[in-house]
Amino acid sequence: MASKIFKRKIPVSIYSRYANLCVVKNMEDMQAQLDKKCNGMINVMDADGVVFELFSSKGHEYYIVLVEEQLSHNLIAHEVFHLAVKMTSDIEIKDEESTAWLIGYLTEEVYKVLKSKNYNIKEQ
């Protein structure tokens, strides 16, 4: 039986976007959902965290996926960076200040969600 995937939307109103934060027990569960949703076009296996984008009738759907047992400040920072770069690239923002602002905003929001759900973040 597949594990439940925790998912929370993080709005980025200034850019009319949002990110889906997903915390999974293992990437196999996320891969199973992606295989159903996009016919195996995205592979998230062999990763402790990943960022990807799906396109739907709603527009851009950004995902940041983190494996619960591997949560660390390093992993969060790494994936938030990828997410911010992907978002700013998609809307053709090239200046560092906007990207840095977005990284700060997303980082705060990710930590708020993780803290509210009492996820344990490793101190490595």
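Tutor: Helices (H or I, at least four residues) and strands (E, at least two) are DSSP runs, numbered from the N terminus, and two strands pair if DSSP finds at least two bridges between them. The model is predicted, with local features needing pLDDT of at least 70 and side-chain atom pairs counting only at pLDDT 80 or more, while totals for chains, interfaces and linings use all residues. Residues are numbered from 1 along each chain as its sequence is written, and side-chain values use heavy atoms, without hydrogens and water.

Student: Which residue in the turn of the β1 and β2 hairpin has a positive phi?

Tutor: Strand β1 (residues 6–12) pairs with β2 in the antiparallel sense over seven bridges, with Arg8 opposite Leu21. Four residues separate the two strands of the hairpin, and the one with a positive phi, about 50 degrees, is Ser16.

Student: In β4, which residue is the bridge partner of Asn20?

Tutor: β2 and strand β4 (residues 59–67) run parallel and share six bridges. The partner of Asn20 in β4 is Tyr63.

Student: How many residues of β2 are buried?

Tutor: Buried means under 20% relative accessible area. Both faces of β2 are covered, with Leu21 among the buried residues on one side and Asn20 among those on the other. In strand β2 (residues 17–24) the buried count is eight of eight.

Student: What is the angle between the planes of Trp101 and Tyr105?

Tutor: Rings of Phe, Tyr and Trp (its six-membered ring) pair if their centres lie within 6.5 Å, and planes under 30 degrees apart count as stacked, over 60 as edge-to-face and the rest as tilted. Trp101 and Tyr105 lie four residues apart in helix α3 (residues 96–116). Their centres are 5.5 Å apart and the pair is stacked, the angle being 5 degrees.

How values were computed:
Buried means under 20% relative accessible area, exposed over 50%, partly exposed in between (1.4 Å probe, protein chains only).
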